[in-house]
Amino acid sequence: MFGTNTSNDHQELTLTVNNIPNSNGVIRVLLFQGPEGFPDQPKLAFQNASIKILNNTATHTFKNLPNGTYAISLFHDSQNTGKLRTNTFGIPKDGYGFSNNAASLVGAPSFEKAAFKLTKDVKHINIKLR
């Protein structure tokens, strides 16, 4: 039925993170449903995860997601501190990434650049760590 919200409107989304230089620490992931808080405010994220790294890859499945537009930001927390380590100029010391492998010249990309639509046909996202 159109216009109704049933359990069939909820999907799973599997995230695979590649290009991780080592298996130290975890990959910290934030999944956002809109631009508010993107990319680095965990309290405003729709869901979050800390993913173990195995053979330079990390995989996680988000469950019970309503269809809609999302964006993912993530970083390699190599020392398991819970924070992205940066140098004195604010440049990340550890790898990071965004859905669509979005990038910008300075700082993080916009929500719009990283956004994707979750539907029954989109069930997997690959992000290459930078």
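In β6, which residue is the bridge partner of L74? The partner of L74 in β6 is G97. This is a predicted model, in which local features need pLDDT of at least 70 and side-chain atom pairs count only at pLDDT 80 or more, while totals for chains, interfaces and linings use all residues. Residues are numbered from 1 along each chain as its sequence is written, and side-chain values use heavy atoms, with hydrogens and water left out.

**Strand β5 and its partners**
- Strands are DSSP runs (E, at least two residues), numbered from the N terminus, and two of them pair if DSSP finds at least two bridges between them.
- β5 and β6 are antiparallel and share three bridges.
- Seven bridges connect β2 with β5, again in the antiparallel sense; V29 has L74 as its bridge partner in β5.
- β5 also runs antiparallel to β7 (residues 116–118), with three bridges, and F116 of β7 is the bridge partner of Y70.
- β5 is largely enclosed by the rest of the structure, because eight of its ten residues are buried (under 20% relative accessible area; exposed is over 50%, partly exposed in between; 1.4 Å probe, protein chains only).

**Open sheet**
- Three strands, in the order β4-β1-β8, make up an open sheet with mixed pairing.
- β4 (58–66) and β8 (124–128) are the edges; each has a single partner strand, so one side of each has no neighbour in the sheet.
- β1 (residues 10–18) is joined to β4 by seven bridges, and the two run antiparallel.
- T16 lies opposite T59 in β4.

**Aromatic pairs**
- There are six aromatic pairs in the structure, counted for rings of Phe, Tyr and Trp (its six-membered ring) with centres within 6.5 Å; planes under 30 degrees apart are stacked, over 60 edge-to-face and the rest tilted.
- Y96 and F98 form an edge-to-face pair, at 6.1 Å centre to centre and 65 degrees between the planes.
- Y96 is partly exposed at 27% relative accessibility, whereas F98 is buried at 8%.
- A cluster of F32, F38, Y96, F98 and F111 is linked by ring pairs.

**Largest pocket**
- The largest pocket holds about 680 Å³ of space, a volume being the space filled by probe spheres set on grid points joined across faces, edges and corners.
- A pocket is an open set of points on a 1 Å grid over the protein atoms alone, where a 1.4 Å probe fits, with protein on both sides within 12 Å along at least five of seven lines; lining residues have an atom within 4 Å of a point.
- Its lining has 27 residues, with P39, D40, L74, F75 and L84 nearest the centre.
- β2 (26–32), β3 (47–52), β5 (68–77) and β6 (96–98) are the elements that each give two or more residues to this lining.

Methods:
Helix = DSSP H or I, 4+ residues; strand = E, 2+ residues; numbered from the N terminus.
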